[in-house]
Amino acid sequence: MHDSTQPETPAPTMVTRMNDSVSRPALSFNGVSMVYPDGTHALGETTFDVHPGEFVTVVGPSGCGKSTLLKIASGLNAPTTGSVTVDRTKVGYVFQDATLLQWRNVQHNVELLAELAGVSKTERAQRATDAINMVGLGGFERKYPKQLSGGMKMRASLARTLVLDPSMFLFDEPFGAVDEITRERLNDEVISLFERQRFAALFITHSISEAVFLSTKVMVMSARPGRIVASIDIPFEYPRVPDLRFEPEFARISGEISHALRGAHA
Amino acid sequence: MSDLHNPFIVPGEDAGAVEHHILDAAPPTPNAKFQWSTLIGPLVTFVLFLLFWQYMHESGMRTFFDKPGFMLPSPVTVVDQAFLTAKARGKLINGLGWTALVASIGLAITIVLGMTLAMIMARAKWAEHAVYPYLVALQATPVLAIVPVIAAVFPDGIGPRLFVCVMISIFPVASNTLFGLLSADSGQHDLFTLSGASRFTRLRKLQLPAAMPAIFTGFRISAGLSVIGAVVGEQFFRSGGMPGIGIVIEEYRQKIRFPQIYGGLVLVAALGIAVFLFFGWLTKVVVGHWHESTR
């Protein structure tokens, strides 16, 4: 990275963070349910914790309330019942679309959250540069979103979230719109970030292989109103290599999740 | 038009360094590539138009309308008597200057007022409901119908003309700005919500920039209308000095000086085109580097 005068360099902070707060969950859902004003019962009663260093993925059929779950976790929506415990200042949200501001180049897009948080100009420029390099977008700082491919936009979006150095990541089907090949590369990127920083993550997807590849735990959601019907621990050690996807054990676990999903769908 | 679609088609999703080279090697935006058709197209139309004009002057007027040809003087006569004669030229150019002045001030008022109204409307649905129907009504009101009101309210001078100008040109700015302010997508709004951004920050850093392409489209339409508004205003409110081009044309009409009338029309049209091109250029400068489909 760069010289270590910046106190916010992510690399050194992660270790301490891991040791601090292993016991306290980074995110805690307690009997949370959601009924929209129009009567749609989006989320049934849901209780779970995500601890620091845990990468929890939620898979479910489309329209099962996965996104609702994440919106509640971030505080964008208030739950109808139950409570959520999370330190909102430490939450980083990665959106379904890249949601870059088209009129800002990559550098200024990545600086945005720090800018809104009131971080000084030089400080946020430095942090943005680090984040951009971390996601492999170095050299593209001056490009505008319209000049980037879908995968590169997602990288920029990831970098933007990294700038505030969150300890709890919320991913809302971030790679749903990109092709399979790009998705796998972006998964590698997320995995290596996770291996380096060991944040807590709640990841929404409808791709089983993505879920198994990334996670320490996969939760299966039923069709609406969404409830967690299965919770499967993923035993693979980190660092995880791309070829993990072709291991028999990987296939077996994927099958198990697929069965749970089918049961949930019926 | 070749800059409509971005030329950087990034090949695949590779590691940064490799793609960077590919991007660097890519030719510069074919912005600069000159298209002959953009010049020849209008030129062909222009020549055909002149030929048609000349034909109408020589026999068309009599054949089709049973009117004498001098009512539509030949283009050569128009150029000669309106532009190559010092006195007529001076009068017309002077008139164009007054009209341009009224149109510019009117457009400035239109932009400030239109954008302010749009920002108020963008704040809340009820504000939109309270204001928008009346903008539509204003748009639909014939100037002629409220001439007595304007005459009664405003003193002589530039006031009544400005009122007409603003009345005619405000709608596109207001409606386009409103549309633009509401065009930021919900994900981007969520982003600002999660950051705890204030309303003002959201307006300044999200809604206004997102609205720029639409706002400039509004500017361009309103700018053309402001010229029309200024000329229309002159037709109804001639007192108070400042003989704009509409007044000069009317004077020539009373004297049955057709070449000068058409000369005036050409100048007004030229002003309209100039204003349109200027705002097209300004749009490109301000939002061309990021907007997908800037013309």
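I took two strands as paired if DSSP finds at least two bridges between them. With that settled, I opened this predicted model and began with chain A.

**Entry 1: strands of chain A**

I looked up the neighbours of strand S1 (residues 27–35) of chain A. S1(A) pairs with strand S4 (residues 81–86) of chain A in the antiparallel sense, over five bridges.

What lies between S1(A) and S2(A)? I found a hairpin with five residues between the two strands, and A:Gly39 in the turn has a positive phi of about 95°.

**Entry 2: a domain record for chain B**

I then turned to chain B, where an unreviewed UniProt entry places "domain: ABC transmembrane type-1" at residues 96–279. I checked that range in the model: the chain there is 86% helix and 0% strand, with the end C-alpha atoms 19 Å apart.

**Entry 3: helix H11 of chain B**

Next I followed helix H11 (residues 258–287) of chain B. Its 30 residues reach 44 Å from first C-alpha to last, close to the 44 Å expected at 1.5 Å a residue.

Which residues of H11(B) are buried? I listed several, among them B:Pro259, B:Tyr262, B:Leu267, B:Leu271, B:Val275, B:Phe279 and B:Thr283. I also traced what the buried residues of H11(B) pack against: helices H3 (75–83), H4 (86–123), H9 (199–236) and H10 (245–254) of chain B.

Methods
Residues numbered from 1 in each chain as written. Chains lettered and ligands numbered in written order. Predicted model: local features only at pLDDT ≥ 70, side-chain atom pairs only at ≥ 80, totals over all residues. Helix = DSSP H or I, 4+ residues; strand = E, 2+ residues; numbered from the N terminus. Expected span 1.5 Å × (residues − 1). Buried ≥ 20, exposed ≤ 12 C-beta atoms within 10 Å, placed from the backbone. Contact = placed C-beta atoms within 7 Å. UniProt positions renumbered as here; feature names shortened; annotations may be inferred.
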